[in-house]
Amino acid sequence: MKKIDIACIIDDDPIFVFGTKRLMQLANFCNGFLVFKNGKEAYDNLKTSIIAGEKLPDLILLDLNMPIWDGWQFLDEFIQIPIENAVTIFIVTSSIDPEDIKRAKSYEIVSNYLVKPIKMDDLKKLMEE
């Protein structure tokens with residue numbers, strides 16, 4: 001299983017963020033974390049990093065239902081930024097709506113769609129991908 005450098009969690013639920021970070025630490029999943037509470041905050045920070053030529057996260061776990069900018073708004077804006085190295089995005093949401101799943105598949109940058117809560121087996125699958 002491949003360990004990644006930086007994982008980014010974009011989610012407004014502090015319990016989910018805490019639990020996911022803890023699971024990632026137990027699984028020795030990554031070296032560090034970036035955490036943002038909404039899509040706008042994540043977009044602004046990641047765009048600034050891109051402009052400054054800084055390293056982007058290897059992986060983004062993106063919630064769909066958040067205040068200010070939801071996951072869809074983040075995706076729509078983020079895909080407009082030209083980036084050199086690919087970023088892997090996994091949607092991690094409580095939504096089981098077939099329309100959300102279908103819409104997620106329409107984004108090339110989205111690798112998978114996971115329904116909360118994340119389990120250790122889910123992380124192991126992500127590491128294998």
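**Close-ups of a predicted model**

Aspartate 121 is exposed, its relative accessible area coming out at 52%. That clears the cut-off, since exposed means over 50%.

**View 1. Aspartate 121 sits in helix α5.** The helix covers residues 120-128. For a sense of scale, take isoleucine 15: aspartate 121 is 106 residues away from isoleucine 15 in sequence, and their C-alpha atoms are 19 Å apart in space.

**View 2. The sheet is open and has five strands.** Read across, the order goes β2-β1-β3-β4-β5, and the pairing is parallel. At the edges you'll find β2 (30-36) and β5, each with pairing on one side only. From one strand to the next, the twist averages 20 degrees. Helix α2 packs on this sheet, touching β1 (4-10), β2 and β3 (59-62), and its direction makes about 125 degrees with that of β2.

**View 3. Strands β4 and β5 run parallel, joined by five bridges.** Here β4 spans residues 88-93 and β5 spans 110-115. To get from β4 to β5, the chain goes through helix α4 (residues 98-105), making a right-handed β-α-β crossover. Zoom in and phenylalanine 90 has asparagine 112 as its bridge partner in β5, while valine 92 stands opposite leucine 114 in β5.

**View 4. Serine 49 belongs to helix α2, residues 39-51.** Is serine 49 buried or exposed? Serine 49 is buried, because its relative accessible area is 14% and the limit for buried is under 20%. Setting aside neighbours within four places in sequence, serine 49 is in contact with Glu54 and Leu56.

How values were computed. Residues are numbered from 1 along each chain as its sequence is written. This is a predicted model: local features need pLDDT of at least 70, side-chain atom pairs count only at pLDDT 80 or more; totals for chains, interfaces and linings use all residues. Side-chain values use heavy atoms; hydrogens and water are left out. Helices (H or I, at least four residues) and strands (E, at least two) are DSSP runs, numbered from the N terminus. Buried means under 20% relative accessible area, exposed over 50%, partly exposed in between (1.4 Å probe, protein chains only). Contact means heavy atoms within 4.5 Å. Two strands pair if DSSP finds at least two bridges between them. A crossover is right-handed if, with the strands pointing away from the viewer, the path from the first strand over the helix to the second runs clockwise. Axes are lines fitted to C-alpha atoms, for helices over the stretch in contact, and angles run from 0 to 180 degrees between N-to-C directions.
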